[in-house]
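Have the sequence and the 3D view open as you read.

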Amino acid sequence: MERTIVFQFMGLAMMTLIAAGCARHGIPPADQKPVNQPTLHTSRGTVITPEKLADRLGTTGYLLLGEGHTKSCDHMGQAMIVRALAKQGRRPVVGLEMVARDKQPVLDRWNRGDLSLQELEDLLDWKQRWGHPFALYRSIFEVCQTYKLPLAALNVPRRVVDVVRKQGLDGVSFKDRLYIPDSIIPATRRQRQALQPMLAMHAQMSGNKDADADREAFFLIQSLWDTAMAEAAVSWHRKTGHMVVVLAGAGHVENRWGIAARLQTLDPDASLISVMPARDKADMTPQQADYFYFCPSAGSSRLGLVLDIRDDMLVVRGVMPDSRAANAGFEPGDVLVLVGDRRITSALDLHKVALPAAKENRDLVFQVMRKGVQKKVVVRF
C-alpha cells in the first residue's frame with residue numbers, strides 16, 4: 001500500500017511515481033498521455049530489449065509485473081513485455097489483480113472472443129470495482145485480444161475483504177468462503193520487520209490505542225490478498241501448463257515478499273521472475289526485483305519533495321538539492337502531520353494548501369514527525 005510521488009504545483013500538480021496496493025483515496029489524476037517511454041533494465045541497471053527479456057524467461061512459470069496503478073508508463077511496460085512473449089508464440093495466461101474471481105465468467109466470455117473492449121469494461125463494473133481508469137489498461141487488453149491470450153481474475157471480491165477487515169475470517173459467509181484460501185500464508189518476518197516502523201508511526205499519529213490489533217488486521221488483509229492471488233495463479237498454471245503473467249500493484253511484487261513468497265510456498269518447483277517500476281536508477285537493486293521498467297518522471301518539482309504515501313501518511317523519501325524543501329530543512333524520513341492547522345493524509349490535501357500559498361507568496365508552516373519528535377519546518381516563497 002505504498003505510492004511515491006514528486007510533489008509540485010503550477011502546471012502538473014502531482015505525479016504518481018509508484019502506486020501499489022489497493023488504497024485509492026488521495027490518488028491524483030492518471031497521466032493518460034505520458035511523456036516518457038519505458039526502457040527495460042536488469043537489476044544491475046543494464047538496458048535490455050523486450051525480445052531479449054522474453055528469450056531469458058524460457059520455462060518461467062510465473063512472471064510478476066508490478067505497477068503504479070495510475071502510471072501509464074508502467075502499463076506500457078507491461079504491454080511491451082506481454083507482446084514480446086506473444087510474438088514468440090508463447091500463450092501466457094494474463095492474471096489480473098484488478099478483477100475479483102467472481103467476475104471470471106465475464107473474462108471467460110472475453111476469452112472466447114464474445115465481448116468488445118467497451119463491453120468488457122461495462123460488465124466488469126470496472127469503474128466502480130477498481131476505480132483507476134480503464135484507458136490505462138487498454139493497451140494490455142489489446143495485446144491479449146490480438147494474440148488471443150486468456151485473462152484470469154485473481155483477486156478476492158472487495159465485499160469479502162471488507163467483512164474480513166471488520167469481523168475477521170469468522171465473519172465470512174458460507175457462500176463467500178470459496179474466495180478465502182484454505183490456508184492464508186502469513187507475512188514473512190522480513191516483511192513484518194520492514195513495515196513495522198511505518199505501522200508504528202501510523203499508530204502514533206492516529207492515537208490508536210489498539211495498535212497491535214490494527215497491525216495484525218493489516219497483515220491479515222495483505223496476506224489474504226497475496227495468498228489468494230498466488231493460489232489463483234497456481235491453479236491457472238497447472239490447468240493450462242502455460243506461464244502465468246501476474247499484473248499487480250508494486251506493493252504486491254517488491255522485494256518478492258508478497259505474491260512471490262506465496263508462490264514459492266504453493267509451487268516451490270516453478271521458476272519465478274519479477275519486474276518492477278523504477279523512477280530512479282538507484283531503485284534498481286536485485287533485492288527489489290529481477291528486472292525493471294524505467295519510467296523517469298517528467299517535469300521538475302518546485303517544492304522539491306519526493307514523497308511516499310504509506311497508509312494515509314506522507315513520508316519524505318527524498319529532498320531535491322537547492323530546492324525550497326532543502327532550504328526549509330526537510331529530511332528523508334520526515335512524516336508530514338500538519339500544514340498550518342490542516343492535517344495532511346493525502347497528496348491532494350497538500351496540493352490544496354500549497355497551490356494558493358505559492359500564488360500568494362505565503363510561507364507554508366509544516367509540522368513533521370522526525371524520529372518520534374514533532375518539529376516545525378517553514379517553506380518560504
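Start with D334 and R370: their side chains meet in a salt bridge, with N and O 2.8 Å apart. Keep in mind that this is a predicted model. The pair links distant parts of the chain, 36 residues apart. D334 sits in the loop between helix 11 (324–328) and strand 13 (335–339), while R370 belongs to strand 15 (residues 364–370).

Are these two partners buried or exposed? D334 counts as buried, at 0% relative accessibility. R370 is buried as well, at 15%, because the cut-off for buried is under 20% relative accessible area.

Now for a pair with other surroundings. R112 and D114 also join their side chains in a salt bridge. Here R112 is exposed, with a relative accessible area of 55%, and D114 is partly exposed at 43%.

How many salt bridges turn up in the whole structure? A search finds 14. Among them is the one between R159 and D102. R159 lies in helix 7 (residues 158–167) and D102 in the loop between strand 6 (93–100) and helix 3 (104–111), so this bridge ties together parts that are 57 residues apart in sequence. R159 itself is partly exposed, with a relative accessible area of 39%.

| Salt bridge | N to O distance |
|---|---|
| D334 and R370 | 2.8 Å |
| R112 and D114 | 3.2 Å |
| R159 and D102 | 3.1 Å |

Terms used: Residues are numbered from 1 along each chain as its sequence is written. This is a predicted model: local features need pLDDT of at least 70, side-chain atom pairs count only at pLDDT 80 or more; totals for chains, interfaces and linings use all residues. Side-chain values use heavy atoms; hydrogens and water are left out. A salt bridge is a side-chain nitrogen of Lys or Arg within 4 Å of a carboxyl oxygen of Asp or Glu. Helices (H or I, at least four residues) and strands (E, at least two) are DSSP runs, numbered from the N terminus. Buried means under 20% relative accessible area, exposed over 50%, partly exposed in between (1.4 Å probe, protein chains only).
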